[in-house]
Amino acid sequence: MKITIRLIMAIMAGIMLNACTESIPANLENNSIIPKPLTVIASGGSMEISKRTRILYSSDNQELMLLANQMNDFLNVYTGVQHKIQLNEKGPKSRSIFLELLDGGPSSSEEYRLAISEKQVVLSSPSTEGIFRGIQTFRQLILLEGPEVMRTEGTIRIPTGVIEDFPEYEYRGTMLDVSRHFFGPDIVKTHIDLLALYKINVLHLHLSDDQGWRIEIKSWPKLTEIGGSTEVGGGEGGYYTQDEYKDIVNYAAERYITIVPEIDMPGHTNAALASYAELNCDGKAPSLYTGTRVGFSTLCTHKDITYKFVDDVVREISGMSPGPYFHIGGDESHVTALPDYIYFIDSVRQIVKSHGKIMVGWDEISHAGLEEGDVAQYWASSENALRAVEKGAKLIISPAKQCYLDMKYDSTTRLGLNWAAFIEVDDAYTWDPVKLVDGIGREHILGVESPLWGETIETIDDIGYLAFPRLIGHAEIGWSRADSLLWDEYRSRLRVHGKLLDKFGVNYYRSGLVDWMD
Ligand code: TNX
């Protein structure tokens with residue numbers, strides 16, 4: 001009798017052990033990756049990544065080598081070792097992860113192919129940018145599997161198959177308002193890490209507004225000395241030195257994210273007007289402003305010094321910003337007469353061009369003389385957006401009712417505003433950029449962007465709460481094909497991202513619409 005019980009127990013223990021060591025990871029097609037990849041074909045097996053797995057890269061290319069290092073930094077958290085990283089021009093080898101830069105493709109293409117077989121992983125793309133996007137897919141595959149990917153100490157298993165992917169829109173952005181409340185470089189970098197994981201490729205920094213000037217300008221030092229000295233509510237404010245700004249730009253670039261700097265003008269300029277009396281038409285500097293009203297300030301559009309000021313600012317910032325865009329704001333200039341506004345935007349457009357940048361502005365800039373290649377950011381007025389495309393401009397789609405991350409989720413949300421709408425997680429997800437405005441089609445749209453205005457937010461947890469998870473849905477709208485997106489299916493993937501966000505310490509909003517997985 002004793003023997004039989006022992007035998008049964010031994011058999012049961014054996015079954016349980018087997019279940020732990022041999023169960024293969026989830027089928028690749030059941031992945032919860034966001035943004036949803038274009039095609040996924042599972043092949044039913046699994047690949048083991050262990051201490052012995054090497055990371056190979058296909059050509060002697062500095063950026064590619066850095067990506068191999070990023071892959072190692074990610075994996076060694078699981079495997080506990082520094083993986084061998086080697087240049088190997090001859091092609092993939094077994095027990096390796098091969099990063100393959102393909103020749104001949106367009107260098108800016110973000111397409112990638114991630115092929116996982118039982119022996120090896122091959123991640124290929126015509127660009128290092130595409131390899132980086134593919135690495136994010138690979139990271140999510142492991143991060144979303146949870147602790148069960150760790151089979152034995154130092155070994156993880158991933159499902160086999162092939163993912164082929166490329167984005168719908170080339171511009172997938174989010175904006176952070178660092179003017180109303182200042183956020184230092186460390187917070188911005190933490191935010192950038194998360195954006196990268198969701199394949200967002202633009203971070204637009206709203207660097208100036210009535211309440212604060214946040215970027216050092218060497219030729220106009222009082223902008224930060226005075227204009228950067230406070231914020232909404234009267235706190236101490238702050239600003240980025242030029243070195244700090246360059247460091248943020250580099251940090252973003254290593255994650256294939258472009259910084260779009262914005263200096264908002266001619267309205268939203270009280271901080272600058274308070275710093276330099278000569279920028280005011282009456283020659284008198286107003287007091288600093290720490291409230292939340294909009295639309296009361298303007299640069300003096302017919303003074304020469306104004307254009308000297310703009311030229312210096314655009315030159316200094318453009319010199320530190322390798323991306324193609326310079327955002328001039330242009331919104332809510334309620335105290336600038338329309339002819340003055342048009343004259344101002346037309347002049348600033350020339351300045352921006354002379355420093356080699358493409359002008360971007362909020363949709364009101366369509367009143368001025370736009371040309372092919374200029375970019376208007378649609379946030380509220382479809383009339384403005386239509387006028388912009390008639391003039392040949394491209395659009396960034398940021399409709400306040402769907403995209404504004406500073407809108408409350410519902411009436412009980414502590415943070416945020418509600419002038420445009422309450423935006424629950426499903427409202428943020430169930431819309432299509434091409435179906436918003438009659439007459440605006442795919443060919444007019446450069447991409448999508450979700451602005452996070454800063455009147456009510458003061459900490460990284462506040463950013464996390466308003467941005468996540470809505471921004472993840474926007475990232476998917478920017479990357480994935482519209483006809484493949486369904487709320488119920490998305491919700492079943494989003495639930496798995498709760499634990500990923502927990503892992504990254506994000507204070508996300510646990511919407512009741514999602515059955516979060518802990
Ligand atoms: C409108 S949207 C603004 C911002 C505010 C925001 C608050 C836009 C171009 N201007 O100045 O911060 O509403 O939601």
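Which elements each supply at least two residues of the lining of the largest cavity? In this predicted model, local features need pLDDT of at least 70 and side-chain atom pairs count only at pLDDT 80 or more, while totals for chains, interfaces and linings use all residues. Residues are numbered from 1 along each chain as its sequence is written, and side-chain values use heavy atoms, with hydrogens and water left out.

The elements in question are β8 (171-177), β17 and α14 (470-479), where helices (H or I, at least four residues) and strands (E, at least two) are DSSP runs numbered from the N terminus. With 3 residues, α14 gives the largest share of this lining. The lining is made up of Arg172, Gly173, Ile200, Val448, Ser450, Leu471, His474 and Ala475. A cavity is a set of points, on a 1 Å grid over the protein atoms alone, where a 1.4 Å probe fits but cannot get out; a pocket is an open set with protein on both sides within 12 Å along at least five of seven lines, and lining residues have an atom within 4 Å of a point. The count comes to 1 cavity of 30 Å³ or more, and the space in the largest cavity is about 30 Å³, a volume being the space filled by probe spheres set on grid points joined across faces, edges and corners.

Helix α2 (62-79) is among the elements that supply at least two lining residues, and its 6 residues form the largest share. The second largest pocket has about 440 Å³ of space. Of its 17 lining residues, Gln70, Asp73, Phe74, Arg139 and Phe504 are the closest to its centre. Here α2, α3, α4 (185-197) and α6 each supply at least two residues.

Helix α3 also meets α15 (residues 487-503): their axes, lines fitted to C-alpha atoms over the stretch in contact, come within 9 Å and cross at roughly 95 degrees. The two helices are therefore roughly perpendicular, a term for angles of 65 to 115 degrees. Contact (heavy atoms within 4.5 Å) is made by Gln140, Leu143, Leu144 and Glu145 of α3 with Val496, His497, Lys499, Leu500 and Lys503 of α15.

As for confidence, the chain has a mean pLDDT (the predictor's confidence in each residue, from 0 to 100) of 94, and 93% of its residues reach 70 or more. Over residues 13-22, however, the pLDDT is below 50.

Technical notes. Axes are lines fitted to C-alpha atoms, for helices over the stretch in contact, and angles run from 0 to 180 degrees between N-to-C directions. Angles under 35 degrees count as roughly parallel, over 145 as roughly antiparallel, 65 to 115 as roughly perpendicular and the rest as oblique.
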